[in-house]
Amino acid sequence: MIRYLVYLLLVVAGLGFEMTWLARTSIAGAVPDPLLLFVMAVGVLHGSEEGALVGAGVGLLQDITTGVPLGLAMLANMCVGFAAGLGERFIYIESTWLPVVGAFALSGLRVSVWALAAHLVGLLQGPIPEVARVVVAAACYNGIIAIPIFHGFRYLDGALVRFREASR
């Protein structure tokens with residue numbers, strides 16, 4: 001229970017940070033998305049089901065705060081959490097470069113799913129090269145910030161699990 005409360009606090013703080021300060025750092029139409037890295041870390045550390053659930057919750061909060069039609073970020077982040085969780089048993093979690101590769105790939109997945117869903121509801125009508133440019137820019141941004149966020153969250157999550165086991 002404490003772990004999920006800490007997750008909620010992290011998401012609210014990350015959402016506030018993302019909506020205020022990071023929104024001004026747009027380059028090539030993309031901004032860094034630390035909440036995507038949070039969803040990726042939960043998926044990698046706890047599996048695809050929990051990753052999809054946390055991704056859907058984070059996406060729903062992003063949809064509510066940004067004012068876009070409900071479900072776009074929820075669907076995209078749910079796909080990210082599920083895809084990250086698929087690698088739970090197959091990846092070497094101690095790798096330094098795992099977060100960079102994962103963030104790059106999952107950022108591309110997230111923006112692609114979001115753009116496809118936005119196109120289906122008539123929200124996005126940009127040309128495909130523009131969308132591809134944003135996908136690559138977002139993937140590069142998130143790949144750059146992935147190492148400290150992933151390993152910091154991994155340390156915090158481990159401490160929360162140890163705290164829960166010690167309190168039993």
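This is a predicted model: local features need pLDDT of at least 70, side-chain atom pairs count only at pLDDT 80 or more; totals for chains, interfaces and linings use all residues.
Q: Why is Ile 64 called exposed?
A: Its relative accessible area is 54%. Exposed means over 50%, buried means under 20%, and partly exposed is in between (1.4 Å probe, protein chains only), so Ile 64 counts as exposed. Residues are numbered from 1 along each chain as its sequence is written, and side-chain values use heavy atoms, with hydrogens and water left out.

Q: What makes the nonpolar surface patch?
A: Leu 5, Leu 8, Leu 9, Val 12, Leu 60, Leu 61, Ile 64, Leu 70 and Met 74 make it, and it covers about 820 Å². To join a patch, a residue needs over 30% relative accessible area and no salt bridge, and nonpolar side chains (Val, Leu, Ile, Met, Phe, Trp, Tyr) are joined within 5 Å, like charges within 9 Å. Helix α1 (2-20) and helix α3 (48-66) each supply at least two of the residues, with α1 giving the most, 4.

Q: What makes Glu 50 and Arg 3 a salt bridge?
A: Their side chains meet at 2.9 Å, N to O. The rule asks for a side-chain nitrogen of Lys or Arg within 4 Å of a carboxyl oxygen of Asp or Glu, so this pair qualifies. Glu 50 lies in α3 and Arg 3 in α1, so the pair ties together parts 47 residues apart in sequence.

Q: Why are Arg 110 and Asp 33 called buried?
A: Arg 110 has a relative accessible area of 13% and Asp 33 has 8%, so both sit under the 20% limit. These two also form a salt bridge, with the closest N and O atoms 3.6 Å apart.

Q: Why do Glu 130 and Arg 133 count as partly exposed?
A: Glu 130 is at 39% and Arg 133 at 37%, so both fall in the in-between band. They form a salt bridge too, at 2.4 Å between the closest N and O atoms.

Definitions and conventions: Accessible areas come from the Shrake-Rupley method with a 1.4 Å probe; for residues, only the protein chains shown count as cover.
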